[in-house]
Amino acid sequence: NNNNNNNNNNNNNNKIQINDNIENIINHISSCRKLVISSIESQIKDFKKLGILADWNNSYQTMQSNYEQMVIHCLANLYERNFIEQKYKLVPWCCNCRTTLANAEIESKICSNFSSYVFFPIHSIQINNSNDNNNNSNNNLLNEICKYFKINFENFNMKIKEIGFLIWTTAIWSIAMNRLIVGCPNVRYALVIFNCLNNNCIISQKAFIISERLVNDVCKCLLELFSNEKFETQEQPFTIIGYCDANIISNFKLKNPLFNNENENEN
């Protein structure tokens, strides 16, 4: 009986909490409406003083019920005609207000931000608008990628487990919604590996696709990040093993490193 009473008390407490939350939401909405109405009345007075002519007594307001019904009706009509599809969109977010912001509300200022290198691995190859079905195993995939760089997979460093693109960004928060990587059409890309002595080193297990003219600068930064690692030769701790043109890289489909589900996060 005591357990039943405790359960009943917990249920009642939960109901009270839910009711309190609903009441707080209703009060908040009511306060917002009052603020909007007062602002509208103030703006109308100013417009009239400026000599602006309009049907002020019948001005439409987006918070009116009939306006909201019209929006829902139009949205439903568009949905039924297959004009609406679900996609991802990056929107500004205010951590203080806990709400989205319009682009017009954003004020930029010069500040120093952290930058990051992010690795986007290739998970399939697209040929003639269809994914290559021969990439059933990781070795088959690496073999196919190597062909684009005109190198023999059998002579390839077998420590390598992934091949992908290395990007640099100061907007690390945008990676979650990243849908593609933009390449330059007039740039040749290099396939780079690091000659680490430690097989468990992160950069020794990956081959990086980097713009040819940026290879030295990018690799220098990576070597600074992994300065504790030992390499086969200090003079040339990395090796360019192949090249490809920009029109080739559009065949590669990538995986967002923040997600495990490849199908939902293809680039």
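Which residues of helix 3 (residues 138-148) are buried? They are Leu141, Leu142, Glu144, Ile145 and Cys146, where buried means under 20% relative accessible area, exposed over 50% and partly exposed in between (1.4 Å probe, protein chains only). Helices (H or I, at least four residues) and strands (E, at least two) are DSSP runs, numbered from the N terminus.

A quick word on the model: it's predicted, so local features need pLDDT of at least 70 and side-chain atom pairs count only at pLDDT 80 or more, while totals for chains, interfaces and linings use all residues. Residues are numbered from 1 along each chain as its sequence is written, and side-chain values use heavy atoms, leaving out hydrogens and water.

Now look inside. Ile145 turns up again in the largest nonpolar core, which has 26 residues; a core here is a set of buried Ala, Val, Leu, Ile, Met, Phe, Trp, Tyr and Cys residues joined through side-chain atoms within 4.5 Å. Helix 3 and strand 5 (162-169) are among the elements that each supply at least two residues of this core. Apart from it lies another core of 16 residues, including Phe119 and Val215.

Strand 5 is mostly covered, with six of its eight residues buried. Strand 5 and strand 7 run parallel, joined by four bridges (two strands pair if DSSP finds at least two bridges between them).

In soluble globular proteins, nonpolar side chains tend to be buried together. Phe83, though, is exposed, with a relative accessible area of 55%. Phe83 sits in the loop between helix 2 (65-80) and strand 1 (93-94).
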